[in-house]
Structures are given as C-alpha cells and as structure tokens.
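Here is a short briefing on one protein model. Keep the sequence and the 3D view side by side as you read.

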Amino acid sequence: MSPALTSFAQKTPEPQATPNAERTPYDRSWEAPASTNARGRRAMKIRGKDAGKTYTAYNHGKAIDLAEWFRYTCGLNKYVVATPEDTPIAGAEDVTVTLRGYVLAVKFNRAGDGDIHVEVGSSAEWNSDHVVVEMSPGKDFCEARKHLWKLVEKDGCTGDECIFKSP
C-alpha cells in the first residue's frame with residue numbers, strides 16, 4: 001500500500017452505527033429526550049392524547065384543506081402572549097384541527113428527538129402548498145405513527161426518509 005493510501009485510511013473514521021437502528025419508528029419505547037424544550041414549553045410540545053379532550057374542535061371537527069389552515073393560522077398571532085410553560089395559549093394551543101391533504105414526504109428523526117415530520121400537501125403534486133406536521137414520540141402516539149409508517153412501507157420506502165411516489 002502506498003504511503004498516501006495508508007495515510008488516507010488512517011484518517012478516515014469508522015462508519016457510525018445508526019442509533020436505535022433496531023427500533024421501528026412506531027416502537028412504544030420512543031420518548032422525547034429531556035433536552036427537548038421547545039423554547040421552554042416542552043410540556044406543551046409533548047402533550048398526551050387526553051390533553052385534547054377538552055379543547056375546541058375547529059370547524060366543528062370537520063376536516064379543512066390547507067388553504068383554510070393557512071387562513072386560520074395567520075390569525076393566531078393575536079393570541080400569543082406570555083404564558084406559563086405548562087399552560088396552553090388560550091385560543092391557539094387549545095384547539096384541535098383535522099387537516100385534509102396528501103402525505104408527500106416523511107422523515108423520522110431517529111438520531112435526534114424521535115419525532116416524525118410529515119409533509120402534507122394540498123394536492124398529490126409536489127408543486128403545491130405544503131405544511132409540515134410533527135408527530136411526537138411516546139406511547140400515546142404509537143398507533144398514529146404505526147398507521148403512517150404502514151403508508152411509508154406501502155409506498156416502497158425502506159429508510160427513515162421517504163418522498164412518496166404515490167401520495
């Protein structure tokens with residue numbers, strides 16, 4: 001082996017194993033790390049499924065499209081005020097919304113906080129309005145994460161990132 005190749009081989013780090021490679025994205029053991037603080041409002045970011053039972057259902061719980069979602073969210077700034085870390089912002093964080101759209105892409109943050117980011121489009125075409133929905137880890141979210149991941153597998157994706165061929 002030439003000195004140049006030997007030197008290069010010595011400087012090349014060993015490939016790192018993927019953290020938690022054996023766990024599926026919907027494994028019940030995923031939990032958000034304590035370092036996830038969401039700007040000091042971790043309690044609001046990682047809420048359990050029971051938290052929303054008393055929230056207002058936007059549009060009486062009927063699904064809305066992305067155009068309506070953007071109209072709705074543009075009006076939320078008026079509600080943002082200094083709020084304790086463990087209290088939802090009234091009128092903004094205590095509302096549930098059912099969104100109608102197409103799952104265009106998914107990214108599982110395996111090495112980070114365990115979130116799944118879901119890119120939802122207003123149509124099945126990539127050149128459309130998009131919104132990114134974050135699915136938190138934890139036992140309360142396993143069923144939804146499992147259903148989403150079945151769509152990923154059905155589309156033929158095998159890694160932690162998927163751009164859907166058939167949204």
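**Briefing: sheet, cores and charged pairs**

Lys107 has Glu161 as its bridge partner in β6. This is a predicted model: local features need pLDDT of at least 70, side-chain atom pairs count only at pLDDT 80 or more, and totals for chains, interfaces and linings use all residues. Residues are numbered from 1 along each chain as its sequence is written, and side-chain values use heavy atoms, with hydrogens and water left out. Helices (H or I, at least four residues) and strands (E, at least two) are DSSP runs, numbered from the N terminus.

**The sheet**

- An open sheet is formed by 4 strands, in the order β5-β4-β3-β6, with antiparallel pairing.
- β5 and β6 are the edge strands, each with a single partner strand, so one side of each has no neighbour in the sheet.
- From one strand to the next, the twist averages 20°.
- Two strands count as paired if DSSP finds at least two bridges between them.
- Strands of a sheet pair through backbone hydrogen bonds, either parallel or antiparallel.
- β3 and β4 are antiparallel and share 6 bridges.
- Opposite Tyr102 stands Gly121 of β4.
- β3 also pairs with β6 in the antiparallel sense, over 3 bridges.
- Val106 faces Cys162 of β6 across this pairing.

**Helices against the sheet**

- α4 lies across β3, β4, β5 and β6.
- The direction of α4 is at about 105° to β3.
- α3 packs on the sheet and touches β4 and β5.
- The directions of α3 and β5 make an angle of about 75°.
- Axes here are lines fitted to C-alpha atoms, for helices over the stretch in contact, and angles run from 0 to 180 degrees between N-to-C directions.

**Nonpolar cores**

- A nonpolar core is a set of buried Ala, Val, Leu, Ile, Met, Phe, Trp, Tyr and Cys residues joined through side-chain atoms within 4.5 Å.
- Buried means under 20% relative accessible area, exposed means over 50%, and partly exposed lies in between (1.4 Å probe, protein chains only).
- The largest nonpolar core has 16 residues.
- Val106, Ile116, Val118, Leu148, Trp149 and Val152 have the most contacts inside this core.
- β3, β4, β5 (130–135) and α4 each give this core at least two residues.
- Another core, of 5 residues, lies apart from it; Tyr58, Ile64, Leu76 and Val95 are among its members.
- Leaving out residues up to four places away in sequence, Val118 touches several residues, including Val103, Ala105, Val131, Met135 and Leu148.
- Contact means heavy atoms within 4.5 Å.
- In soluble globular proteins, nonpolar side chains tend to be buried together.

**Salt bridges**

- The structure has 5 salt bridges.
- A salt bridge is a side-chain nitrogen of Lys or Arg within 4 Å of a carboxyl oxygen of Asp or Glu.
- Lys107 and Glu161 form one of them, at 3.9 Å from N to O.
- Lys107 belongs to strand β3 (residues 102–108) and Glu161 to strand β6 (residues 161–163), so this pair ties together parts that are 54 residues apart in sequence.
- Lys107 is partly exposed at 43% relative accessible area, while Glu161 is exposed at 56%.
- Glu68 and Arg71 form a salt bridge, with their closest N and O atoms 3.0 Å apart.
- Glu68 and Arg71 are 3 residues apart in helix α3 (residues 66–74), so about one helical turn separates them.
- Glu68 is partly exposed, at 21% relative accessibility, and Arg71 is exposed, at 54%.
- Glu153 and Lys150 form a salt bridge too, with the closest N and O atoms 3.8 Å apart.
- Both lie in helix α4 (residues 142–154), 3 residues or about one turn apart.
- Glu153 is partly exposed at 39% relative accessibility, and Lys150 is partly exposed at 40%.

**Loop residues**

- Arg110 sits in the loop between β3 and β4 (116–121).
- Arg110 counts as buried, at 9% relative accessibility.
- The Arg110 side chain makes a polar contact of 2.7 Å with the side chain of Asp160.
- A polar contact is a pair of N or O atoms within 3.5 Å; within protein, one must be able to donate a hydrogen and the other to accept it, and residues adjacent in sequence count only if both atoms are side-chain atoms.
- Asn59 lies in the loop between β1 (56–57) and α3.
- Phi of Asn59 is positive, near 55°, though the residue is not a glycine.
- His60 lies in the loop between β1 and α3, and its phi is positive as well, about 55°.
- Asn59 is partly exposed at 34% relative accessible area, whereas His60 is exposed at 73% relative accessibility.
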